[in-house]
Amino acid sequence: MRRLFAVSLLSFALAPLCHAIDLAQAYDLALKNDADWAAVTSAFKAESIKEGQNYGALLPTIGMSASFAQNDFSPDIGAGANYTSTTYGLQLKQPLYRADLWRDYQRAKASTSVSEANYRQKEQELVLRVSEAYINVLRAQETLSTTQTEEAALKRQLEQAQKRFEVGLVAKTDVLEAQAQMDGAVANRISAEVGVASTREALMAIIGKDPGTLATLRADFVVSAPLPASAEEWAEMAKAKNPQMTAARMNQETAALALRAQRAGHLPQLDLVASYSNTDNDTTNFSLAARNGDATSIGVELQVPIYSGGRTNNAIMQASYQSDAAREQATSVERQLVTQARTAYLNATADSYRVSARLQAFKSNEAALAATKAGYDVGTRNIVDVLLAERNLYAAKRDQANAKYDYLINTLKLRAASGMLSLKDVQELNGWMQ
């Protein structure tokens with residue numbers, strides 16, 4: 001089992017040597033290879049066709065019919081006949097007044113708008129999924145680097161403690177304390193290696209290939225509080241621009257149009273009908289042969305619904321409930337988006353200040369470690385103090401990295417909540433990669 005784990009880690013270490021990508025390239029790969037996105041795209045195309053189908057119901061329809069028959073005519077009086085008959089015809093039908101078809105078409109147009117809004121929402125989700133998966137790999141890699149550095153530092157402390165013990169400068173407990181901290185660092189490093197491997201797997205599932213070496217965030221990356229600096233303004237943008245809100249509103253309109261379409265079931269239907277037919281009875285019988293020839297007709301056809309077993313009324317009642325549900329759903333979506341936008345703004349704002357605070361905490365812990373080591377060298381501090389300061393330093397370094405990556409993710413979530421997350425954000429963030 002150990003050997004298998006070692007081989008897996010070796011494969012993971014060598015994989016980045018194959019190729020390298022940045023965030024923009026990862027997004028391009030996701031557009032090409034992500035199965036979820038491919039399914040979304042196909043479903044959107046399928047939904048877009050429905051509008052054309054409903055519009056086609058308003059256009060003329062032309063049908064052709066043909067028949068051939070072998071007939072045996074035996075009248076009660078007179079001579080019979082055995083003959084063949086051939087008939088073919090064309091019929092054209094053009095709706096003149098069809099409120100049900102027109103409202104179905106209007107409903108299909110609104111449904112297409114719902115599909116377009118959902119598609120834009122899925123685009124934002126893809127941007128967020130790729131960016132978050134990419135950032136999580138960077139976070140895991142930096143965590144691994146920190147734990148490796150911490151392990152190396154604690155290893156040096158253990159070696160120094162052993163040397164001091166050998167010459168009688170410290171007690172055995174100092175060696176044991178250093179060994180315990182060293183063992184903990186090894187366990188943390190193994191966990192960090194697994195974390196890197198799992199986050200890379202998550203990214204690979206989206207982009208469809210081994211990501212290789214990833215471009216990392218530059219040290220001069222600028223962290224700033226989100227603008228506008230108001231949770232309410234971000235909430236208003238979410239209500240105005242978020243595709244989910246647009247989809248909910250259009251779904252409400254679609255349900256209202258569906259209700260009107262069902263009510264049209266009580267209205268009369270008027271169609272223009274034109275037909276042409278040709279009949280050929282292959283016989284010498286005068287009465288039958290007299291039926292041969294062409295027939296043309298044109299006129300209007302009126303249908304007035306009177307009673308359909310209560311189906312129309314039931315359909316109207318069902319559509320009414322569905323319209324009410326769509327209205328309440330739109331209200332629910334608006335409230336959720338407002339909450340998401342406000343929360344995302346608060347998180348991104350707090351993260352922007354937390355990054356600088358974590359950096360200052362790291363510098364303070366760095367100075368504290370240096371002072372503790374100096375005190376240990378002159379005998380005013382013990383090994384426990386040094387190990388604690390060492391542990392605090394690397395914990396502060398991890399906290400600093402987490403604050404930086406939390407800021408990136410929460411800023412993207414804020415833009416997603418407001419409905420403004422797009423490829424432009426990927427390109428802008430990619431500009432800070434090296």
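**Nonpolar cores and sheet arrangement**

In this predicted model, the largest nonpolar core comprises 38 residues, and those with the most contacts inside it are V130, Y134, L408 and L429. Helices α2 (23-33), α4, α5 (172-207), α10 (383-417) and α11 (423-430) each contribute at least two residues to this core. The largest share, 10 residues, is supplied by α4. When neighbours within four places in sequence are left aside, L429 is in contact with L23, I135, L217, F221, L408 and L412. A second, separate core is made up of 12 residues, including L154, V175, M182 and L387.

Helix α4 spans residues 99-166 and contains S115. The relative accessible area of S115 is 9%, and this residue is therefore classed as buried, the cut-off being under 20%. With residues up to four places away in sequence not counted, S115 touches F44 and E47.

The model also includes an open sheet of four strands, arranged in the order β2-β3-β5-β6 with antiparallel pairing. Strands of a sheet pair through backbone hydrogen bonds, in either a parallel or an antiparallel manner. Between β2 and β3 (residues 81-97), which run antiparallel, there are 13 bridges. Within β3, K93 stands opposite T61.

Technical notes
Residues are numbered from 1 along each chain as its sequence is written. This is a predicted model: local features need pLDDT of at least 70, side-chain atom pairs count only at pLDDT 80 or more; totals for chains, interfaces and linings use all residues. Side-chain values use heavy atoms; hydrogens and water are left out. Buried means under 20% relative accessible area, exposed over 50%, partly exposed in between (1.4 Å probe, protein chains only). Contact means heavy atoms within 4.5 Å. A nonpolar core is a set of buried Ala, Val, Leu, Ile, Met, Phe, Trp, Tyr and Cys residues joined through side-chain atoms within 4.5 Å. Two strands pair if DSSP finds at least two bridges between them.
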